[in-house]
Structure formats: C-alpha cells, structure tokens
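Hi everyone, thanks for coming. Let me put a structure on the screen, and then we can walk through it together.

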Amino acid sequence: MTLLDISDYTLDLPDGTRLLDGVSLTVAVGETVGLVGESGSGKSLTARSVLGMQPRGATTGGSVRLDGREVLGAPAGDLLAVRRSSAGMVFQDPRAGINPMRTIGDHLTETLRLVDGRSKSDAEARAVELLRAVRLPRPEDHLRQYPHELSGGMLQRVMIAGALTSSPRLLICDEPTTALDVTTQAEIISVLGEQRATRGMGMLFITHDLNLAASICDRVYVMNAGRVEEEGDARRVFRNPQAAYTRRLVAATPTIASIGPLGPVVIGEATDAASAPRSVVELPRAVDAEAPMLDVRSIAKTYHLHGKPPVRAVVDASIEIPLGSALAVVGESGSGKSTLARMIVGLESADTGEILVDGVVRTAMPRRRAERLAHSRSVQMVFQDPYLSLDPRISAGRAIEDTLRLHSTLTSRDARTRVLDLLEQVGLGERHATAVPRTLSGGQRQRVAIARALAVEPDVLVMDEATSALDVSVQAQVLDLVAGIRRERGLTVLFISHDLAVVRRVCEQTVVMRSGEIVERGATATLLERPRHPYTRLLLDSVPRPDWDLDALAAIDRTEGVPA
Amino acid sequence: MTAGRRVAGKLGALLLTLFLASLLVFFSRFLVPGDPVSFLLRGRKPTPEAIAQVTAQYGLDLPPWQQYLQWLGGVLVGDFGRSLQYRQDVTTVIGERLPVTLGLVLMAGAMIAIVGLTAGIIAALKRGRVLDRSVLVFLTMLGAIPSFVGSIVLIAVFAVQLGWFPSFGSGEGFLDTLYHLVLPSIALAVVFVVLVGKVTRSSMVDQLGREHVEVATSRGLKRGTVIRRHVLRNAIGPILTVSGLLVAGLLVASSIVEAAFGLAGIGSLLVQSVDRLDFPVVQAIVLFVVFAFVVVNAIIDILEPWIDPRSAAGAGAR
C-alpha cells in the first residue's frame, strides 16, 4: 500500500527560481526509500514539503499525497494533523535540532502534553518507554538532562525518540548520521532500522552518501538540480547506474573496498580542473629517505579545563613523513587528530616532545612576528570549511597576493603573475582572481584556500578535514587536485580525516588515532585490508557498504567493548 | 561549579566593584575646582576662625584618606553626612526624593519592556516585510528624540493642548503620583524603547532561523506555541543583558525629565547639587546609581544559568 505518493511536484520561489522540477516518488508501508543527491539537489526540500514546510512564498504544482491526503495547499489545521499523526522527521544535526535551553524530557513530552493533552506523568512514562526503545542507557535520568550533557549520538537517539512520540506512519530522516562519527552512525542506523521494522513504518531516508543508501534502502531515487535522475533497487543503482549523473556520482564516491589506482576522476563540472595543465615536473629536491620532512617525536598535549578533569588530547604521538609523501591521520571526533595538526602548524603548543620540519625544530608556538612568519613558511594548513577560512570581503586573488607579499618582496606585477600561476595550478583562472568568496562554489573556495597555502611553498601542507564539508563530486575534484600537485611538486602532506575511504585515495601511509593515542600505523592499503587493532577493524566495519551486516557490527561493538 | 559557589563569586565581584566605585566617587571631588567651605560661608566675609571652625565641623581639615574612611564608615551604616545646601542629613534629603525617581524609572521601565518587546516581536515575526521596516524606522525615530525635546512636546500636546495630564509636580498619594508620572515616564522611555526593540528583534530572528525551531514545527506544534516556547524563550538572554545596561541610562536621563516636569526626584537633585558643590549629596546619588546598576546586572548574571543552562557548564559547552 502506498503511503507517500509525490507526483510531478514542482516548486518555484517568488523570484521565479525553479527548485523542484517534476519530482515523483512513492514510499510504501514498511518500505525504506533513499533520496540521494548532493547539496542543492532539492532532496531536503522534497522531504520538508511532505510536512508542508516549504519556503515562504513558494508556489507549488503537482501533488504530494500522504496516507491518501493531499498535503499541497492543505489548510493549516490539516498540516498540523499531518505533522501530529502521519509523518515524523529526524533532522541532520541533533545539537542544533533540540532546543539547548530545554531538558530532554521537555523535548520529548512537549507534543504529548500540549498536543495530545496527556498528563505530565503519563507523557513522561511514554517518553521513558521511547528512550528505552532507542537504547539509551538511563531513560529516567536523561529526562532531567540538558542537550549539552549528552553526546551527539545520544542526542540523535533523543531526536529519533522525539519523532516517534506521534507514532508516525512515515518517518522522514534528513541526513540523520551526517554529523556523527562513523561508529555512531552504524549504531543510529541500526536503531532506525529496528524501529522501522517493529512499527511497520515507511521510511524516507535522505542522504548524500550512496554507500549508506545502498546498504540500508530498498529503493533509491537519485536527485540532481531539482529533478529525479534515476530510481530503482538500491543496490542495482549503486552497482549498475544507468543515468549519466548517477554514474558520475558513483565514480566520485570514495569506497574503502575497491582497490584501484589513485587516478584522477573527472566528474560533473570538473572540466576546468581537468583541462588545467598537468605537465609533470621533476621533484624539486631528491627524496632523502634518511631525514623525514616532518618528524614529530612523542608529542603530548593535555588540556586543563577549569573545574573539570584534565583532557589528554594527544598522548605520546610520533609520526614521520618523508619528503614528497603523504600521511593520513584518521580518527573520530575527540581522537586528538586536530590537536595534533594544530600543534604542528603552531596554533597550539605541545606539552612535551619535539616537532621537526625539514630538520628545524618547530616545537614551540611562535610568539614574535619573525617566528610566526618562519613557522608559517614551513608549514601551511588548509582548513575544513572554506566558507569560514576565507575573508568574505577579500577577492580570491587578493587573498593569495596578500600571503605572497607577507612572505616575499615581490613587486606588484610579479605578485600578480604568481597569483595567476597559482590559481591555474588549482584549476582556476584569471576570472576567479577578482571574485569574492561569496560568488565562488564550495569547491572553488577550497581550491583558493589550497592555492593560498601553496603560495609560500611550504615544506609541509596540513589538510585538516579539508574535503569533509564538500559534496562527493567536489571532494573528488579537490582530492585529484591534491594528487596532481603532489605529483608535480613533490609536496609533503599531512592529511587529517575521519573518512577512511577518502584517505585511501590520497595517502600512502596512515595512522589511526583514538583518545589521543596512535593505535595503529602502516601502509594505507594494508591497513584497510588487514587491520590489526580491533578499533581499526570497528572503524572499517562501521563504514556503510552494500553488503553491510549491521547485526554483526552490533555484536562486535558489544563483545569487544570499544566505546566511541 | 556549584550554584552556591557561583553566586558567592558574583557577590564578591559585586562588593569589589562597589568598593572601587566608592573610591572613584569620593576622590573625584578633589579634582573638581571649588571649595565647599566658601559655599557654606557664601555671601559673608568670614574670619579665619570661622573658616577653621566650619572646616573642622565638616571634617575637611583631615587628610583625604581619613576623610574617605570617615565617609565610608558612615556610608556603611547608612549615614552619608550632611547636605551643605539643605543643612539636613543627606539620607533625609535623598529619602524624600527617591520614591519619585524610582516610580518614574519603574514606570518607564515597564513601558520600555511592553512597547520594546511588542515592537521587537512583531518586527521579528514579519521580518523583511513592510511592517518590520516600518516598526524599525519608527523605533529609530523615537530613539533620536532627546528626552528634553520629548518632554516639551508631550507637555505641549497632552498637558497644555488636550489637558489630559498634569504638566508639573509629582502629585499627592499613590494614584495621583502615578497619574502625574505618566507623561514623564513616556518622555523617559521613548529613547530606550529602540534598544530593547532592536535587540528583541535580532535575537528572535537569530532563533527563528535555528533548526530546533524547524524541528518543533515539524512535530505539529502550533506556531504560537513554537514562538513562545522555542523562539522567545531562547531569545531572552540578550534582551535581559541590554535591559540591565539600561538601568544606569534611565537613572541618569531621569534628571533631564525631572527638570522638565518639575519633579522633585534625585535626578534633578543631582544636577542642582553639582551646581552648588554639595558634595555629600552628589556622592550619595552617584553611589546609589552605581549601586543600582551593579546590583541589577549582578542579579541578571546570577540568573543566567536558569536562562541558558549551557552557561552553567562553563565556556567549554556550546
């Protein structure tokens, strides 16, 4: 029986922009349907439309029927009824999605008390029951807690429990695990699957992650630019994509399973990057295996927070990267990988240990201007979010030129030439030099950030989750770009990431961090194929793939007791 | 950190602030030109003996730090010395006038809260629309009217032309006092409404865009409930902070309004006492204003964990 039936649904903004163009999809009772696409594809908009939450002033066409009732153009009272009984929604970021100023209990019982008119004790009993259903350890205690007292994974369970308070027939999940660590993601997915099965709900699962969609959905719809590009059996679409867009998307999606050459993947609007000159030049210096370019010797960092037990962020970590090589540091949030990067870049001071870059000691945090300049000439960092790391009022060219002028005495003309040179290296052109970040896409911004980091020709480039905020196709472009620059210039790279699949594409060597300690290290391919440490194995097993066995994973999780 | 320790810490900071303020208030008089003794003996040709006697009588012959300690000792038991112009205890002089100013400030505060919050909420809910812009323009316009101009306009229209309200004095008895304070309160409130209105608007607009508001909406709560429980509730913090900062401004601005409406409050008393070098009164009033400001803001600080539970967990929690 069809639960949700969207047919030929269009949505236009007041200014005439068409955001959704003839979207049709169905979800049957008990079915899990994936809605896959990159940012701006309209997948979240489609999902919100089911609950009548369109942008203000938008005009709609076609039909969205939930449980036989038309949602489009329904009066406000009917929309409230839809939200109160027919469909529930789980949002992406539980930190943002649960009111930080109210207790967990208030979040859960609010609709029960205010909408269903239940008594406080009755509502709390129901809330406890739901918290137990999503496998939270101490339901009664959690009711009195505030969101900041719970971890992201626990909060997402609260969000799921909150969506279930209305016993919905359809559960819409909008990227419910994107903000979470990979092991936590596996847990949340298994909770969602269990609830869907026991309650016989239909589930509309929105994600940008094709691997995830293929591993948990019955059918998927692939969306791009407001249209459905392809639909069909989830695994079939993943293994044998028909539409050109889906093929590109599958190709760009990094996997830990397939072993292939680190070749460039050309997808989407990557043409400008692909056509950029790729002349192979000799490595600037002979590879010297004796002295590593970056040599970090048992550094440690402990944070002493006021009134709290000290946090050992990094414990006795040692890494070495030979010239021209790339090392990945992999770990979940709180593993200390970013602290490690920040100490190397000189944004934090190490408590003990030593950091050598190209044989020069760079342990101390630079204080004076000359020290800062010297440090930043040797190590440069590309940050996670190019929307935040570029000054919104400074054009791309100026941003790079400023860096050049700070570190050298180039004339204006030479500096400009060099800027264009750098922009070309990252696959951008003269027209991008005058563009302010606002007018650039996420991928273009990250290219500018990389060009800026390369401008001073650093000995070591640190990339801290530099592709995590990007769409898969853009991520693929940026990864190719880094691979290309490494080939051409023999750049030494420290690549911080939570994503094992991405790491496989970029780095020869990988270390795995957990709670500040390096638990395993080795060649990336070996480490991914034959992990020795149980934590590495758990990480690998938690990465979604089409033949994913969640029950087995849950078993590992419990028997080996590897907490997040 | 426990709530008790936090409150104790705040109280300690409050006492320190008051102590520093007392130093500033007391010693600033030595920077001001003019000699209190010549004011006391104005119009006469005093003999040196008379000068010495008056100087000793008011303790002005002691070194400044001893004068300070004497003064502070008195202040701690509620004795602010004698007013030079009224030849009465400062406490008596201020005590007669304080209720008028407090009434004025409280009534103006209530008006600011009601009008500012309402305007801010309306503007936030209609953000980007004509009503939002009109409210903002109107508030900004009000904020640009100085209190003395506002007072004159109000007197001219509502007291003289329409005759609805009295234009002078503070009246007899409670209700009559309230009635007399209506126009002065409006004149005082007008300038400050814009601050509260704008903070309310921006704080609410910030919350309206948050995902937890969308989540609440998706769960089938009525819009009014969502606004009340999730938008307004979370927007309170900045509004309270700004309101606390307004206290000093209100007390100071009241002097202008009191003068315009012929009210015998501490604001007009302050102006008059400065004019006549009546240092004990000036010191007492300034200390009172500082005290009121610091205490109100300390209370708001202490309330913070109840307003935003994250602040109790320290800066580390987001």
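Here is something to look for while you get your bearings: which residue in β10(A) stands opposite Tyr221(A)? Have a look along the strand. It is Glu231(A) that stands opposite Tyr221(A). Before I go on, please keep in mind that this is a predicted model.

So, where are we with that pair? Strand β9(A), residues 219-224, is joined to β10(A) by six bridges, and the two run antiparallel. Both belong to an open sheet of six strands, with the order β6-β7-β8-β3-β9-β10 in chain A and mixed pairing. At the edges we find β6(A), residues 87-90, and β10(A), residues 227-233; each has a single partner strand, so one side of each has no neighbour in the sheet. From one strand to the next, the twist averages 15 degrees. As a reminder for all of us, strands of a sheet pair through backbone hydrogen bonds, and they can do so parallel or antiparallel.

Now the helices on this sheet. Helix α1(A), residues 43-50, lies across β3, β6, β7, β8 and β9 of chain A, and runs at about 150 degrees to β7(A). Helix α2(A), residues 76-86, also packs on the sheet, where it touches β6 and β7 of chain A; its direction makes about 75 degrees with that of β6(A).

Let's move to another sheet. This one is open too, with four strands in the order β12-β11-β14-β15 of chain A, paired antiparallel. Its edge strands are β12(A), residues 311-321, and β15(A), residues 360-361, and each of them pairs on one side only. Between β11(A), residues 294-303, and β12(A) there are seven antiparallel bridges. If you want a pair to click on, Val296(A) faces Ile319(A) in β12(A). Helix α13(A), residues 337-345, packs on this sheet and touches β11, β12 and β14 of chain A, with its direction at about 120 degrees to that of β11(A).

Last stop, the nonpolar cores. How many residues does the largest one have? The count is 80, and those with the most contacts inside this core are Leu4(A), Leu25(A), Leu170(A), Ile172(A) and Phe205(A). Helix α7(A), residues 152-164, gives the largest share, seven residues. Leaving aside residues up to four places away in sequence, Leu4(A) touches several others, including Leu25(A), Val50(A), Leu170(A) and Leu204(A). There is also a second, separate core of 51 residues, and among them are Leu422(A), Leu423(A), Leu454(A) and Val502(A).

That's my tour, thank you!

Terms used:
Residues numbered from 1 in each chain as written. Chains lettered and ligands numbered in written order. Predicted model: local features only at pLDDT ≥ 70, side-chain atom pairs only at ≥ 80, totals over all residues. Heavy atoms only, no water. Core = buried A, V, L, I, M, F, W, Y, C linked by side-chain atoms within 4.5 Å. Buried < 20%, exposed > 50% of the residue type's maximum accessible area, 1.4 Å probe, protein only. Contact = heavy atoms within 4.5 Å. Pairing = 2+ DSSP bridges. Axes fitted to C-alpha atoms, helices over the stretch in contact; angles between N-to-C directions.
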